[in-house]
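Subject: Model for your files, with notes

Hello,

Please find the model below, followed by notes on what was found in it.

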Protein chains: 2
Amino acid sequence: MNILIVHAHPEPRSFSAALKDTAVEVFGQQGHVVQVSDLHAMQFNPVASTADFTSRANPDYCVYALEQRHAVSTGTLRKDIQEELEKLRWCDLLVLNFPIFWYGPPAILKGWIDRVFVSGVTYGGKRFYDRGGLVGKRALVSVTLGGQQHMFGPRGIHGPLEDMLKPLLQGTLGYTGFSVHHPFIGWHIPYLDDSQRATVLQDWRTRLMNLHAEQDWCPQPTLNDFDDRLYPREGSVS
Amino acid sequence: MNILIVHAHPEPRSFSAALKDTAVEVFGQQGHVVQVSDLHAMQFNPVASTADFTSRANPDYCVYALEQRHAVSTGTLRKDIQEELEKLRWCDLLVLNFPIFWYGPPAILKGWIDRVFVSGVTYGGKRFYDRGGLVGKRALVSVTLGGQQHMFGPRGIHGPLEDMLKPLLQGTLGYTGFSVHHPFIGWHIPYLDDSQRATVLQDWRTRLMNLHAEQDWCPQPTLNDFDDRLYPREGSVS
């Protein structure tokens, strides 16, 4: 497999970085080809702006997605976007590895999505969910956070973490066609001692070694359950 | 009231900008004091990084939230963060106005939250939800998107938009203590003609003029329903 790991932690010595390094090691041992986009090390620019387009479909009024399509068709995507898009198209498995900031990805990773998940390639028109531009690829999200697992149970104070991650798991990865694995969650990380952290790392290692045997997890909708205007069809289960 | 509008659209002539301008006008007519943070115009830096701290609690290992607390206590927050934090503390009503990118705020706004919702001021320890650092303030989220309302109903293909916005509405605004209004949603905006857009703008104007009479909407948890370790108390409804 070709594997792209996108890593987004500001501290190079963080536990999140250890998860990334472990993934590189395990996947390498398995004979996979791995690329890493370490967004802080790359000083990746996360701001989707008019400056992203050197040739404009409409110089007077920027609809970002329409300009993305124009840039794809004219071969004028900015170099930093083009390089990341090529990695995204190249990979069979995408791993997004980050600390939870405000119940989601840090802005540097959100902006990697805003800019690199280009309209006309990853989605567009009726090409989304099981007809998305990236159908056939798999995705795994791995996160660290300070909270404990019981705070995110069905009766937990915050509700399920998977619900908080819905914009990413369904709205981004599922939407563009990825088969999505259940996220790997490192609970309570800043408060663990070295021995407890070693246990989490071992759980991660075991998870990665057996990833090929996992079932998909994310319950993406199926476009056949909806009509041409995306109203639910009679008798569909949605 | 003191009102802070944070606006995050890359196109100055966008419909989202018209919503922002209308809000400035209506609030001004009502005698409120309004400040606008137009994040693209300000070229706001959304990347939470070690560069945010000029004096470090731990120079060898950056835990972002701990460095935020240190910077607050030593008065060494970076100027761009300090200025936005002062606006946030000043306001009685916060309006976040943005186009939906991947079912959430664009990275430039996500990063405004990552950097400006400073630990030790907006939350910290057991100060969250109804004990959050920003209790007493109100928040209103206004968004534009291409999707139509029926795609986000209970049987809609994407599920409720409010669920997609949970990390922002509950996990960020509710978490820090805001009373949260139901979001204003501009559906299908890129596909509307001028007359239809005028109707949406009029709905927005009416909404803003009557905002003072609205009930809170966001069902934040109440800390009293949970024990000291944040397990649900027996008999609580959570």
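Leaving aside neighbours within four places in sequence, A:Glu67 is in contact (heavy atoms within 4.5 Å) with A:Phe53, A:Ser55, A:Arg56, A:Ala57, A:Asn58, A:Tyr61 and A:Cys62. This residue sits in helix α2 of chain A, residues 64-74; helices here are DSSP runs of H or I with at least four residues, strands are runs of E with at least two, and both are numbered from the N terminus. A:Glu67 counts as buried because its relative accessibility is 2%. Buried means under 20% relative accessible area, exposed over 50%, and partly exposed in between, with a 1.4 Å probe and protein chains only. A polar atom of the A:Glu67 side chain lies 2.8 Å from the backbone nitrogen of A:Ala57.

Some conventions before the rest. This is a predicted model, in which local features need pLDDT of at least 70 and side-chain atom pairs count only at pLDDT 80 or more, while totals for chains, interfaces and linings use all residues. Residues are numbered from 1 along each chain as its sequence is written, chains are lettered from A and ligands numbered from 1 in the order in which they are written, and side-chain values use heavy atoms, with hydrogens and water left out.

The two chains

Chain B superposes on chain A by a rotation of 180° with 0.0 Å of shift along its axis, at an RMSD of 0.0 Å. That is the relation of a two-fold axis. In chain B, the C-alpha nearest the axis belongs to B:Ala107, 2.4 Å from it. Both copies use the same surface: 100% of the contact residues of chain B recur in chain A. The superposition is by least squares on the C-alpha atoms of residues with pLDDT of at least 70 in both copies.

The core

The largest nonpolar core has 114 residues, and those with the most contacts inside it are A:Leu94, A:Trp112, B:Leu94 and B:Trp112. Such a core is a set of buried Ala, Val, Leu, Ile, Met, Phe, Trp, Tyr and Cys residues joined through side-chain atoms within 4.5 Å. Not counting residues up to four places away in sequence, A:Trp112 touches A:Leu4, A:Val6, A:Leu39, A:Phe44, A:Glu84, A:Leu88, A:Leu94, A:Leu96 and A:Phe117.

β3(B) is mostly covered, with seven of its seven residues buried. On one side these are B:Leu93, B:Val95, B:Asn97 and B:Pro99, and on the other B:Leu94, B:Leu96 and B:Phe98, so both faces are covered. β3(B) pairs with β1(B) in the parallel sense over five bridges, and B:Val95 is the bridge partner of B:Ile5. Pairing requires that DSSP finds at least two bridges between the strands. β3(B) also pairs with β4(B), again parallel, over seven bridges. There B:Leu96 stands opposite B:Val141, and B:Phe98 has B:Val143 as its bridge partner. β4(B) is largely enclosed by the rest of the structure, because six of its seven residues are buried.

B:Asn97

B:Asn97 is buried, with a relative accessible area of 1%. The C-alpha atoms of B:Asn97 and B:Phe184 are separated by 9.3 Å, and the two residues are 87 apart along the chain.

Helix α1 of chain B

The buried residues of α1(B) include B:Phe15, B:Ser16, B:Leu19 and B:Phe27. They pack against β1, β2, β3, β4, β6 and α7 of chain B. Just after the helix, B:Gly31 takes a positive phi of about 90°.

B:Thr122

B:Thr122 is found in the loop between α4 and β4 of chain B, and at 0% relative accessibility this residue counts as buried. A polar atom of its side chain lies 3.5 Å from the backbone oxygen of B:Phe117. Among the contacts of B:Thr122 beyond four places in sequence are A:Trp102, B:Leu85 and B:Thr176.

Regards

Terms used: A polar contact is a pair of N or O atoms within 3.5 Å; within protein, one must be able to donate a hydrogen and the other to accept it, and residues adjacent in sequence count only if both atoms are side-chain atoms.
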